[in-house]
Amino acid sequence: NPFKKMVVLGTGFPDFISIKHVHDELYSVIGVEVKVNGVLSREEKEKCQWLLDKKVFSKIWIAKKGKERGEIEYIDFSKKYGE
C-alpha cells in the first residue's frame, strides 16, 4: 500500500529552501535552518558562511520557536553572525 510508506528526504543542510521569482530570470533563493533555540553549532555557522560566500543562497534564515504558542521567529544569519 503506497499510502503506508514513509518518505524520508534526508538530513540535508539547510532544512528548507525558499525560491522566489524576482524579475525575468532572476530568483531569490533563501535557505532556512530550523533550531529550537536559534543557536547554530560552529560547523553549521561555517556551512552557512560558505553557502553565502559561494552565492548558493542570497540569504540564510534561522527559524526558532517564538514566545507565543505556534509562533516562529526568523533570524537573518548575516545580521546575527556577520559576514
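Analyst: **Salt bridges and their surroundings**

Lys-64 has a relative accessible area of 24%, so Lys-64 is partly exposed. In these terms, buried means under 20% relative accessible area, exposed means over 50%, and partly exposed lies in between (1.4 Å probe, protein chains only). The model is predicted: local features need pLDDT of at least 70, side-chain atom pairs count only at pLDDT 80 or more, and totals for chains, interfaces and linings use all residues. Residues are numbered from 1 along each chain as its sequence is written, and side-chain values use heavy atoms, with hydrogens and water left out.

Lys-64 pairs with Glu-73. Their side chains meet in a salt bridge at 4.0 Å, N to O. A salt bridge here is a side-chain nitrogen of Lys or Arg within 4 Å of a carboxyl oxygen of Asp or Glu. Glu-73 is at 26% relative accessibility, so Glu-73 too counts as partly exposed. Searching the whole structure turns up three salt bridges.

Another one joins Glu-46 and Arg-42, at 2.8 Å, N to O. These two residues are four apart in helix H1, so about one helical turn separates them. Helices (H or I, at least four residues) and strands (E, at least two) are DSSP runs, numbered from the N terminus. Arg-42 counts as exposed because its relative accessibility is 56%. Glu-46 is partly exposed, with a relative accessible area of 45%.

Next comes Glu-44 with Lys-35. Their side chains form a salt bridge at 2.7 Å, N to O. Glu-44 sits in H1, which spans residues 42–53. Its relative accessibility is 14%, so Glu-44 counts as buried. The side chains of Glu-44 and Lys-35 also make a polar contact, at 2.7 Å. A polar contact is a pair of N or O atoms within 3.5 Å; within protein, one must be able to donate a hydrogen and the other to accept it, and residues adjacent in sequence count only if both atoms are side-chain atoms. Setting aside residues up to four places away in sequence, Glu-44 touches Phe-13, Glu-33, Lys-35 and Val-39. Contact means heavy atoms within 4.5 Å.

The largest nonpolar core holds nine residues: Leu-40, Cys-48, Leu-51, Leu-52, Phe-57, Ile-60, Ile-62, Ile-75 and Phe-77. H1 gives the most to this core, with three residues. H1 and strand S3 (59–65) each supply at least two. A nonpolar core is a set of buried Ala, Val, Leu, Ile, Met, Phe, Trp, Tyr and Cys residues joined through side-chain atoms within 4.5 Å. Ile-60 is one of the core residues. Not counting residues up to four places away in sequence, Ile-60 touches Gly-31, Cys-48, Leu-51, Leu-52, Ile-75, Asp-76 and Phe-77.

Now the surface. Ile-17, Ile-19 and Tyr-27 make a nonpolar patch of about 350 Å². Tyr-27 belongs to strand S2, residues 26–34. Tyr-27 counts as partly exposed because its relative accessibility is 48%.

Ser-18 is placed in strand S1, residues 16–23. At 32% relative accessibility, Ser-18 counts as partly exposed. Apart from neighbours within four places in sequence, Ser-18 contacts Ser-28, Val-29 and Ile-30. Ser-18 and Val-29 are eleven residues apart along the chain, yet their C-alpha atoms are separated by 5.7 Å.

Methods. Patch = residues over 30% accessible without salt bridge, like charges linked within 9 Å, V, L, I, M, F, W, Y side chains within 5 Å. Areas by Shrake-Rupley, 256 points an atom, 1.4 Å probe, with all protein chains shown as cover.
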